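What follows is a walk through one structure, from the interface of its chains to a single residue. Please look at the sequence and the model first.

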Protein chains: 2
Amino acid sequence: MSGRPIPARMIPSIFTLANLLFGFLALVWVLEANFDLASTMILLSVLMDSLDGKVARRLSVSSDFGKELDSLSDLVSFGVAPAILTYQGILQPLQSGYIRYIGLGIAVVFALCGAVRLARFNMLNIKTYFVGVPITFAGGLMALLMFIRHMLPWYVYPFSMVILAFLMVSTFKVPKLGK
Amino acid sequence: MSGRPIPARMIPSIFTLANLLFGFLALVWVLEANFDLASTMILLSVLMDSLDGKVARRLSVSSDFGKELDSLSDLVSFGVAPAILTYQGILQPLQSGYIRYIGLGIAVVFALCGAVRLARFNMLNIKTYFVGVPITFAGGLMALLMFIRHMLPWYVYPFSMVILAFLMVSTFKVPKLGK
């Protein structure tokens, strides 16, 4: 109501921080074993992530700071949170000895491949296409699959995670939509 | 045993990925309510984080990719993991209604301030001193405090988190040691 308005260059970063906030809350809801709410948080992060870029372009205020913050938030919301969610919701309850550690290994690989993808993409600085599958897609898809986990056999989850991890670090080109 | 040796430029990134791995495992141990092991994982991340920089300088292979990967791993291991650990180990069990949400708010602020710090520091690209308290210090200190949680009153934890969150985004200069 009072005081100075928020500078235009800060507005996209508010959406990016909301992306990170929802990613963090997804982890909190996994702790509470509320996997539907955790999936919802990740999908809200997808929404925030699509808004920050759109707003930055509309206001012409893209910045290195914003790009950095975006990568950082993306790793938490679409790398770590979906991996922890799938591990705790699907892979860990299948704990017959070694199988459980294979599930943990798959979750770790998903998060690590997401980080490698983000580090490489930020370095390449390409604007017109993605190299490999974007982490937002991979994490968003895992969140959607977790919503319908009662309708799918368990092995869909480790299988999807391995495929998506590989596609994130692969080097084929994916066209950017909605520019 | 067989095949090509790992290229020298990749070696620091192996330590950085180990940093992220231990950060991820810290979250997994929080899920299992093993807070001592979760704290240990964060301290192992501190060790890996100190090694990756040293190795990169020794081998003269510092890269933009390595720097990006380092920031990404640092947010998980020293921003998100200590925040989730402290929330679940100290703040959440104090759940008398609203108090719990204040605890959650403090944990969120800690992680968000860590992200802002990393995004800003990577952009400034300063080599000789830190601006604000490094996230590795803040996250490592919270992990140490969690080790001795039976010896300290509960209010030390929210108080430390708020102070450290503020110090991470503050702009005073902290000299780099051990260069």
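Contact here means that heavy atoms lie within 4.5 Å of each other. The model is predicted. In that sense of the word, the contact between the two chains takes 37 residues from chain A and 37 residues from chain B.

How much area is buried between chain A and chain B? The figure is about 3300 Å², and carbon and sulfur atoms give 85% of this area. On the side of chain A, A:Phe24, A:Leu31 and A:Leu72 supply 21% of the area that the chain buries against chain B, more than any other three residues.

The elements of chain A that give two or more residues to the side touching chain B are helix H1 (11-31), helix H3 (64-91) and helix H4 (98-124). Sorted by class, this side of chain A has 28 nonpolar, four polar and five charged residues. Across the interface of chain A and chain B, the rule finds zero salt bridges.

Now turn to one residue of chain B. B:Asn19 lies in helix H1 of that chain, which covers residues 11-31. Is B:Asn19 buried or exposed? Its relative accessibility is 0%, and buried means under 20%, so B:Asn19 counts as buried. Leaving aside residues up to four places away in sequence, B:Asn19 touches B:Ser45, B:Met48, B:Asp49, B:Asp70, B:Ser73, B:Asp74, B:Ser77 and B:Phe78.

Conventions: Residues are numbered from 1 along each chain as its sequence is written. Chains are lettered from A and ligands numbered from 1 in the order in which they are written. This is a predicted model: local features need pLDDT of at least 70, side-chain atom pairs count only at pLDDT 80 or more; totals for chains, interfaces and linings use all residues. Side-chain values use heavy atoms; hydrogens and water are left out. Helices (H or I, at least four residues) and strands (E, at least two) are DSSP runs, numbered from the N terminus. Buried means under 20% relative accessible area, exposed over 50%, partly exposed in between (1.4 Å probe, protein chains only). Buried area is the accessible area (1.4 Å probe) that two parts lose on being put together, summed over both. A salt bridge is a side-chain nitrogen of Lys or Arg within 4 Å of a carboxyl oxygen of Asp or Glu. Ala, Val, Leu, Ile, Met, Phe, Trp, Tyr, Cys and Pro count as nonpolar, Asp, Glu, Lys and Arg as charged, and the others, Gly among them, as polar.
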